[in-house]
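Hi,

Here is the structure I promised to pass on. Have a look at it first, and then read my notes below.

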Amino acid sequence: MEIDSKILENQISKAKSGNQAAFRFLLDTFWSAVYNFQLKRTKNENESEDITIQTFSKAFDKIATFDENYIFKTWLIAISKNVHIDNLRKQNSSLFIKITKEQDERVHLIADENPTPEDTVIGEQNLAKLLRDIKKLKPKYQEVIQLRYFQEMSYREISEQLQEPISNVKVKLLRAKKLLAEIIKKS
């Protein structure tokens with residue numbers, strides 16, 4: 001999918017200032033490219049999805065450092081390669097590096113804002129039908145939706161419960177809402 005460079009520059013600029021819609025746009029636009037790149041490398045759907053989530057998490061945390069003289073997709077793929085290599089190193093050394101509290105408390109660029117279009121579609125659904133639709137998601141997406149919307153946990157609480165960085169939780173939730181909204185629209 002070819003995207004107009006002016007639109008992309010505008011969305012990156014908005015993302016740098018913390019605009020959630022811009023983050024959603026970038027995630028939706030480049031998810032498939034990063035996911036498919038990793039799927040070719042790992043030949044494992046779950047691993048590819050996890051790496052893609054981590055990639056966007058890191059990219060959104062560091063979006064202020066993105067240099068517009070480079071191609072955004074190439075920047076994402078480079079982050080993705082590094083995430084994959086880091087994961088392989090962790091597996092090989094079997095060491096788990098805990099994220100320090102300071103790192104976890106750093107600025108998280110995806111803001112908790114007003115309801116998104118996906119939130120609105122999800123909210124308009126009959127509860128029984130909504131629960132059936134949620135069951136169509138992968139378990140990790142079901143869990144993050146359940147924790148956020150049914151247990152009404154904050155990002156921090158979900159992060160602690162899942163033992164994942166807040167930025168990963170935010171990306172997972174963005175992805176889960178998009179997938180759920182697509183399921184709802186189809187049914």
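A residue counts as buried when its relative accessible area is under 20%, and as exposed when that value is over 50%. Keep in mind that this is a predicted model.

With those cut-offs, start with Threonine 52, which sits in helix α3, residues 45-61. Its relative accessible area is 0%, so Threonine 52 is buried. Leaving aside residues up to four places away in sequence, Threonine 52 touches Trp31, Val34 and Tyr35.

Leucine 127 is another story. This residue belongs to helix α7, and with a relative accessible area of 51% Leucine 127 is exposed.

Now for some helix packing. As you know, a packed pair is described by the distance between the two axes and the angle between them. For helix α9 (residues 155-162) and helix α10 (residues 166-186), the axes come within 9 Å and cross at roughly 105 degrees. Angles from 65 to 115 degrees count as roughly perpendicular, so that is how α9 runs relative to α10. On the α9 side, the contact is made by Tyr155, Arg156, Ile158, Ser159 and Leu162. Helix α10 brings Ile166, Val169, Lys170 and Leu173 to that contact.

Cheers

How values were computed:
Residues are numbered from 1 along each chain as its sequence is written. This is a predicted model: local features need pLDDT of at least 70, side-chain atom pairs count only at pLDDT 80 or more; totals for chains, interfaces and linings use all residues. Side-chain values use heavy atoms; hydrogens and water are left out. Helices (H or I, at least four residues) and strands (E, at least two) are DSSP runs, numbered from the N terminus. Buried means under 20% relative accessible area, exposed over 50%, partly exposed in between (1.4 Å probe, protein chains only). Axes are lines fitted to C-alpha atoms, for helices over the stretch in contact, and angles run from 0 to 180 degrees between N-to-C directions. Angles under 35 degrees count as roughly parallel, over 145 as roughly antiparallel, 65 to 115 as roughly perpendicular and the rest as oblique. Contact means heavy atoms within 4.5 Å.
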